[in-house]
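Subject: Structure handover

Hello,

Here is the structure for you to look at. My notes on it follow below.

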Amino acid sequence: MKKQFGLLVCAISLISLNIQAQLPKHLVFIGGSAGYYNQFNVWSLPVGYQYCIPKTDIQIMGGVRQTLGFGQSAFTINKQKTTIDDISNYSVNLMIGASYQCSFGGVIGFNIDLAGATFGTRSYKTVGKDPIYSVKPETINVLLGGDNDRGSLNSTFYIGYRFKNNLLLQGGFAHYGMAYKYSGRAADSRSITFVNVPYIQVEYPLWISKKAE
């Protein structure tokens, strides 16, 4: 994983510094990303609006992000560790973020999901010697902080490069949280787990206004 991320950093660094991206004042974009680590996948499709703060190289943004998390991950059910191996969570969330662009086009930034909804599949698991549990993802997503988060939320931290046509290539880590409700004869409760997944993303400008001052 570290080797792959290092190669991405080198590739961005080797791009000609003569290609300088000038920040537009307003920008609407659509993106696509894919990430994988330890048998878990995170794919996303963000659509957002970006505003460049005048006389700075700082951009703030907001938008909507669709995220698909699938594969397998470990959870704690009734105080016992187990693996859910058929995760398939589709979520739609409002997101906000910020980024800083260097003069040569390099970008560093983050964005986080705030609230939305998740549509996922129900599973049936035997945990240890306990009877079968019914487990399903929480449907309402709300950012409350850490283990208090509800539903499925995605946060990304990245570095990238903005080309002259405002196409943005970025790579970093997705911090993806999933909360599951479970019920069985032994207990009815919830469990949440977080995974860090390296990812790459391309953002394409749909609409651009005049250049920022």
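Is arginine 150 buried, partly exposed or exposed? Arginine 150 is partly exposed, with a relative accessible area of 34%. Here buried means under 20% relative accessible area, exposed over 50%, and partly exposed in between, with a 1.4 Å probe and protein chains only.

Some ground rules. This is a predicted model, in which local features need pLDDT of at least 70, side-chain atom pairs count only at pLDDT 80 or more, and totals for chains, interfaces and linings use all residues. Residues are numbered from 1 along each chain as its sequence is written, and side-chain values use heavy atoms, with hydrogens and water left out.

Overall picture

The protein chain has 1 helix and 11 strands. Helices (H or I, at least four residues) and strands (E, at least two) are DSSP runs, numbered from the N terminus. The order along the sequence is α-β-β-β-β-β-β-β-β-β-β-β. The chain has 213 residues, and 43% of them count as buried. Take contacts (heavy atoms within 4.5 Å) between residues at least 6 apart in sequence: 63% of them join residues at least 24 apart.

Salt bridges

A salt bridge is a side-chain nitrogen of Lys or Arg within 4 Å of a carboxyl oxygen of Asp or Glu. The count comes to 5.

Arginine 150 has a salt bridge with glutamate 138, with the closest N and O atoms 3.3 Å apart. That pair links distant parts of the chain, 12 residues apart: glutamate 138 is in the loop between E7 and strand E8 (140-142), arginine 150 in the loop between E8 and strand E9 (152-162). Glutamate 138 is buried, at 4% relative accessible area.

Glutamate 138 also meets arginine 190 in a salt bridge (2.8 Å, N to O). Arginine 190 sits in strand E11 (residues 188-208) and glutamate 138 in the E7 to E8 loop, so this pair ties together parts 52 residues apart in sequence. Arginine 190 is partly exposed, at 24%.

Elsewhere, Asp85, Asp86 and Lys125 form a network of salt bridges. Aspartate 86 and lysine 125 have their closest N and O atoms 3.7 Å apart. Aspartate 86 is in strand E4 (residues 80-101) and lysine 125 in strand E6, 39 residues apart. Aspartate 86 is partly exposed at 36%, whereas lysine 125 is buried at 12%.

A buried aspartate

Look at aspartate 130, in the loop between strands E6 (123-126) and E7 (132-137). Aspartate 130 is buried but has no salt bridge. The side chain of aspartate 130 has one with that of glutamine 80, at 2.7 Å. Another joins the side chains of aspartate 130 and tyrosine 133, at 2.9 Å.

Aromatic pairs

Rings of Phe, Tyr and Trp (its six-membered ring) pair if their centres lie within 6.5 Å; planes under 30 degrees apart count as stacked, over 60 as edge-to-face and the rest as tilted. The whole structure holds 6 such pairs. Phenylalanine 40 and tyrosine 176 have ring centres 5.8 Å apart and planes at 35°, so the pair is tilted. Both phenylalanine 40 and tyrosine 176 are buried.

Best wishes

Methods:
Lys, Arg positive; Asp, Glu negative; His and termini not counted. Polar contact = N/O pair within 3.5 Å; in protein donor to acceptor, adjacent residues only side chain to side chain.
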